[in-house]
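User: I am new to this structure and would like to go through it step by step. Please show the sequence and the model, and then take my questions in turn.

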Amino acid sequence: MDDENLDEELNILYREPERMKVLNSDTFRLPVGHLKVRKPVMLDVRQSVKEAINMMEVKQFGCVLVTRSDALAGILTERDIILKALNTGLDPDSTSIETIMTPNPESVEREESIAVVMNAMHVGGYRHVPVVDEHNIPVAVVSVKDIIGFIVENFSEEVLNVPPHPLRHSDTQDGG
């Protein structure tokens with residue numbers, strides 16, 4: 001056996017086994033840092049709703065974290081813009097973000113578990129939860145999409161490779 005083939009065989013022999021992908025309660029005890037989150041889109045409280053709309057469009061993100069002196073002061077979502085500005089006739093060019101933002105949003109620190117974020121989303125009905133450092137400075141945003149991506153990433157291959165349509169077929173509507 002030549003050196004190249006031997007090296008390949010040794011690499012196969014000593015290759016680390018892939019981490020078993022398991023979705024259980026321990027998976028959700030991992031810190032938020034295990035999620036693939038995006039950097040937050042941030043604007044100051046004095047900026048206009050129009051600036052927020054433009055920023056959300058450019059960054060393709062559904063919310064803006066609103067800051068005051070770099071610290072988290074609020075969150076502005078697409079829903080806030082529609083219901084609190086456009087639906088009420090406020091002028092987006094002259095209305096400040098502070099006027100329609102959700103002040104003091106629930107946030108988590110990096111060390112919090114994924115379960116805590118999921119609970120906040122479920123109980124509060126949030127689609128975005130800010131992640132802040134010890135000084136309340138935004139460092140990331142966890143979205144529902146991030147949570148779903150994490151769950152899918154941790155499903156075992158057997159679950160992910162199930163065909164999209166079941167193999168069973170019933171001639172009656174109720175399966176009887």
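**Contacts, sides and pairings**

User: Leaving aside its neighbours within four places in sequence, which residues is Thr67 in contact with?

Analyst: Contact means heavy atoms within 4.5 Å. Neighbours of Thr67 within four places in sequence are left out, and the residues then in contact with Thr67 are Met42, Leu43, Asp44, Val45, Ala73 and Pro138.

User: What kind of model is this, and from where are residues numbered?

Analyst: This is a predicted model, in which local features need pLDDT of at least 70 and side-chain atom pairs count only at pLDDT 80 or more, while totals for chains, interfaces and linings use all residues. Side-chain values use heavy atoms, without hydrogens and water, and residues are numbered along each chain as its sequence is written, from 1.

User: Is Thr67 buried or exposed, and at what relative accessible area?

Analyst: Thr67 lies in strand S2; strands (E, at least two residues) and helices (H or I, at least four) are DSSP runs, numbered from the N terminus. Buried means under 20% relative accessible area, exposed over 50%, and partly exposed in between, with a 1.4 Å probe and protein chains only. Thr67 therefore counts as buried, its relative accessible area being 8%.

User: Why do the buried residues of helix H2 lie on the same side of it, and what arc do they cover?

Analyst: Helix H2 spans residues 49-59, and Val49, Ala52 and Met56 are buried there. An α-helix has 3.6 residues a turn, so residues three or four places apart point the same way.

User: How many salt bridges does the whole structure have?

Analyst: A salt bridge is a side-chain nitrogen of Lys or Arg within 4 Å of a carboxyl oxygen of Asp or Glu. One of them joins Asp26 and Arg29, at 2.5 Å from N to O. A search of the whole structure gives a count of five.

User: How many residues apart in sequence are the parts tied together by Lys36 and Glu153?

Analyst: The side chains of Lys36 and Glu153 meet in a salt bridge of 2.9 Å, N to O. Lys36 is in the loop between helix H1 (3-14) and S1, and Glu153 is in helix H6 (residues 144-154), so the parts tied together are apart in sequence by 117 residues.

User: Which strand holds Arg68, the partner of Glu98?

Analyst: Glu98 and Arg68 form a salt bridge, with the closest N and O atoms 2.2 Å apart. The pair ties together parts 30 residues apart in sequence, because Glu98 lies in helix H4 and Arg68 in strand S2.

User: In what sense do S6 and S7 pair, and over how many bridges?

Analyst: Two strands pair if DSSP finds at least two bridges between them. S5 and S6 pair in the parallel sense over two bridges. In S7, Ala140 is the bridge partner of Val131. Strand S6 (residues 128-132) and S7 pair in the antiparallel sense, over five bridges.

User: What is the phi of Asn136?

Analyst: Asn136 lies in the loop between S6 and S7. Most residues other than glycine have a negative phi, and most peptide bonds are trans. Asn136 has a positive phi, near 65°.

User: What is the phi of Asp70?

Analyst: Asp70 is in the loop between S2 and S3. At 57% relative accessibility, Asp70 counts as exposed. Asp70 is a residue other than glycine with a positive phi, near 75°.
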